[in-house]
Amino acid sequence: MWRGGRLPRIRRHERTPPAIDKLDRAILRRLQDNGRETYDVIGEQVGLSPSAVLRRAKRLEECGVIDRYVALVRPEAVGLGLTAYLNVRLEKHTESHKRNPMDLFRASVQTWPEVVECAALTGEMDYLLRVVVADMAHYSRFIMDTLLKHPSVQDCKTSFVLDRVKATTAVPV
């Protein structure tokens, strides 16, 4: 049995999900709504003492249910007024001495600041990128100078966001 003040850091894929009860879910909903809410206020809302809320929140952090706390920045407020979704198809066949095209693409996408989300997909296309840029000129530079010059990229199709109908980071707990 491990003894100490904090559990050792475990890689996300090694964590086993804890049993989450009704109170844990209530705490998670409130933290997703406002990650800076005090444990006093959350405790009042869910019917627990602040110290009980703190213990539960720490347990949820340590076991990986709560991944991290962040500030959500409105892209438009920092001059990033254009959002695009790009479906990307990678080359399927590669010379044997080259790296796997998917590995090469995954490594590269981590370095592109315009890409704020990347998901591997089933179906005709391989990846879906959410790209946030200042304007059409910035988008064009990203496509022409970065994405389409990547050796693994075969094709991409873009859809531009006209209006955000719903945008949330909260998962339904």
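Predicted model: local features only at pLDDT ≥ 70, side-chain atom pairs only at ≥ 80, totals over all residues.
Contact here means heavy atoms within 4.5 Å.

Helix H2 covers residues 39–46, and its buried residues are Ile42, Gly43 and Val46. These residues span an arc of only 100° around the axis, which places them on the same side of H2. In general, an α-helix has 3.6 residues a turn, so residues three or four places apart point the same way. After H2 comes Gly47, which has a positive phi, near 80°.

Lys58 is partly exposed, at 34% relative accessibility. Glu61 has a relative accessibility of 19% and counts as buried, because the limit for buried is under 20%.

In total, the count of salt bridges is eleven. Another of them joins the side chains of Arg164 and Glu76, 2.7 Å from N to O. Arg164 lies in the segment after strand E4 (153–160), while Glu76 lies in the loop between H3 and strand E1 (82–90), so this pair ties together parts that are 88 residues apart in sequence. Both partners are partly exposed: Arg164 has a relative accessibility of 40%, and Glu76 has a relative accessible area of 39%.

A further salt bridge is formed by Lys92 and Asp126, whose closest N and O atoms are 2.6 Å apart. This pair, too, links distant parts of the chain, 34 residues apart: Lys92 is in the loop between E1 and helix H4 (101–109), and Asp126 is in the loop between strand E2 (115–120) and strand E3 (127–133). Asp126 counts as buried, with 9% relative accessibility. Elsewhere, salt bridges that share partners join Asp21, Asp24, Arg56 and Arg59 into one network.

The loop between H3 and E1 also contains Pro75. Leaving aside neighbours within four places in sequence, Pro75 is in contact with Leu80, Val132 and Arg164. Pro75 and Val133 are 58 residues apart in sequence, yet their C-alpha atoms are 8.5 Å apart in space.

Strand E3 is mostly covered, with five of its seven residues buried. E3 pairs with E1 through seven bridges, and the two strands run antiparallel. Within this pairing, Asn87 has Leu128 in E3 as its bridge partner. E3 also pairs with E2, again in the antiparallel sense, over five bridges. Cys118 stands opposite Leu129 in E3. E2 and E3 form a hairpin with six residues between them, and Gly123 in the turn has a positive phi of about 100°.

The cysteines are a last point to check. A disulfide is a covalent bond between the sulfur atoms of two cysteines. A search of the whole structure finds zero disulfides. Cys118 has a relative accessible area of 33% and is partly exposed, whereas Cys156 counts as buried, at 17% relative accessibility.

Definitions and conventions. Residues numbered from 1 in each chain as written. Heavy atoms only, no water. Disulfide = S-S within 2.5 Å. Buried < 20%, exposed > 50% of the residue type's maximum accessible area, 1.4 Å probe, protein only. Helix = DSSP H or I, 4+ residues; strand = E, 2+ residues; numbered from the N terminus. Arc of directions from axis to C-beta. Salt bridge = Lys/Arg side-chain N within 4 Å of Asp/Glu carboxyl O. Pairing = 2+ DSSP bridges.
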